[in-house]
Number of protein chains: 2
Amino acid sequence: MNAQEEVIDFVINGHKDYLPHVSIDSVIFGYHHQQLKILLLKWIGHSGWGLPGGFIKSREPLTEAAYRILKERTRLSDLFLQQFHVFGDSPYRVRERSQAEFREKFGPITSEDNWLFQRTLSIGYFALVDYSKVDITTDFFTDDFYWCDVNEVPFLLFDQNEVVEMALKMLRLAIYHQPIGYNLLPEKFTIPEIHSLYQTILGKELDQRNFSKKLLTLGLIKKLDERRNIGPHRSPYLYQFDKANYEEALNQGIVHTY
Amino acid sequence: MNAQEEVIDFVINGHKDYLPHVSIDSVIFGYHHQQLKILLLKWIGHSGWGLPGGFIKSREPLTEAAYRILKERTRLSDLFLQQFHVFGDSPYRVRERSQAEFREKFGPITSEDNWLFQRTLSIGYFALVDYSKVDITTDFFTDDFYWCDVNEVPFLLFDQNEVVEMALKMLRLAIYHQPIGYNLLPEKFTIPEIHSLYQTILGKELDQRNFSKKLLTLGLIKKLDERRNIGPHRSPYLYQFDKANYEEALNQGIVHTY
DNA sequence: TTTCTATTCTGTAATATTTACGCAATTATT
DNA sequence: AATAATTGCGTAAATATTACAGAATAGAAA
């Protein structure tokens, strides 16, 4: 959405095409070079950084909306995406602060009761992507973005710091119950790779021998006959997720520690 | 809400006081006589049974709304209540079926585009109560209720069977991570009581020796010097939750099996 | 008072899982 | 051929989980 008329139409008539009072906020975790980052956007009309998000079309299934919003932003369609919480406990704070700044930019086209200023519940989703493969799109409403280390998140819009915190908590919980990694690693990966992925997400060290033993025992990954050359003195074996066991684990949930 | 004018005002003008497009649906689990049941209501204008639920006031915090709705229905205010999922993937099915039946009852006061017929996302909460202590209120919209065994849930309105299934799944997951029971048992309880509570919720047998050993080892409960007389040949010791450890477990989450 | 019965209470051994830990093998480089 | 960096593998100890049964208690009945 970039053309001026399109934007104005969205602001003025968006409530006809989208559900008002509800938005989707995504915490997009990016993993790259053993760092865990989240995508932040600079929303126009706001001084600080905020999470990517969007609205649900009037007759669009919720899950579809979440994927669409993510795809519009990252160009990725196959990724791990999971709803984790609805935030709606600060109805006063949420939109009031934004209104003044926003109207300053848009001026006359926005009335006080514009749908974008109404109280909005936020449905939180978290996603996992390899951020080197992502092609971030900005638009009229977002003029900048950056990947922010999860340990250095600045003050965010609205109540979004709470959203990020909870997303991280849920991600760390999910990693114990679901075989996360499928969407964060190349199809074939090495033990050191998946090992440091898990360490990064959990933010703690895991014994690499016990770790790989566990994944192999659970049958989540299987060793291939190939190895990869990735530099001096390094030719680790490649592994692959075991599709069948992986799917089963996704449904059943895994109960385990590392 | 029972007076005729009140109801009509709610139907016609409710969209001004409540957030349209979003509702709260509660799966209220009742535990009594070693059975796990859920509360179902007969909504007027619908032929089948449905979950209790309601709408969020325009400036009411979400959590507060969930508690209010529950309190209006059960008269209970201190209970275990937890959000577990937002349902919004069947935008077509959700309200269309209801509309015809509903309008048949209400007739002329409802127009096609009445806010109650619009697409509505449903935020799912589950609660735990002792149903013998609950005083269920029906109102203009609900002319009957019953406590339904979780294993015999009939076909419900909209997509609510999915809601119930997921609630049960989440409850069973929660029981592994959170010291559930605080709100389902009297302050002082016996081992057999809490033992059968857990068995009922999980739907499987748990070795009673290992079970109590576990709860005591985790420090969640502590033995009192009192016993209770509950009938012939029965004077079990009483136990109590250990507040401090309990709170910590609520925050940290427990990882364990029984 | 004694006996009987229903219920509560408790302990230990076998098994499985998790943790801790270090060195040998491999491969590219020199 | 020697070296250095990295990967790969095994075992023992500690901990947690499971399986399992009989003794003790309290009230009821004789």
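Tutor: Ala, Val, Leu, Ile, Met, Phe, Trp, Tyr, Cys and Pro count as nonpolar, Asp, Glu, Lys and Arg as charged, and the others, Gly among them, as polar. This is a predicted model: local features need pLDDT of at least 70, side-chain atom pairs count only at pLDDT 80 or more, and totals for chains, interfaces and linings use all residues. Residues are numbered from 1 along each chain, chains are lettered from A and ligands numbered from 1 as written, and side-chain values use heavy atoms, without hydrogens or water.

Student: How does the surface near DNA strand C divide by class?

Tutor: Start with who is there. Sorted by class, they are five nonpolar, seven polar and nine charged.

Student: Which residue has a backbone N or O atom 2.6 Å from a phosphate oxygen of DNA strand C?

Tutor: Look at the polar contacts (N or O pairs within 3.5 Å; within protein, a donor and an acceptor, with sequence neighbours counted only side chain to side chain). The side chain of A:Lys213 has a polar atom 3.4 Å from a base nitrogen of DNA strand C. The side chain of B:Lys223 has one 2.9 Å from a phosphate oxygen. The backbone atom at 2.6 Å belongs to B:Tyr237.

Student: Now DNA strand D. Which residue puts a polar side-chain atom 2.7 Å from one of its phosphate oxygens?

Tutor: Of the 20 residues that surround DNA strand D, the closest include A:Tyr237 and B:Arg227. Two side chains approach base nitrogens: B:Arg209 at 3.1 Å and B:Lys213 at 3.5 Å. The phosphate oxygen lies 2.7 Å from B:Lys214.

Student: How much area do chain B and chain A bury between them?

Tutor: Here 28 residues of chain B touch 28 residues of chain A (contact is heavy atoms within 4.5 Å). The carbon and sulfur share of the buried area (accessible area lost by both parts, 1.4 Å probe) is 57%. The total is about 2,300 Å².

Student: Which element gives most to the side of chain B that touches chain A?

Tutor: Between the two chains, 14 residue pairs are in polar contact. On chain B, the elements giving at least two residues include β1 (18-32), α2 (62-74) and α4 (160-177). The largest share is four residues, from β1(B).

Student: How far apart are the C-alpha centres of the two domains of chain A?

Tutor: An automatic or database assignment sets the bounds. Domain 1 of chain A runs 4-176 and domain 2 runs 179-252. Their C-alpha centres are separated by 31 Å.

Student: Which element supplies the largest share of the side of domain 1 of chain A that touches domain 2 of chain A?

Tutor: Across this boundary, three residue pairs are in polar contact. On the domain 1 side, β2 (35-43), β6 (121-129) and α4 (160-177) of chain A each give at least two residues. The largest share, five residues, belongs to α4(A).

Terms used. Buried area = accessible area lost by both parts, 1.4 Å probe. Near = heavy atom within 4 Å.
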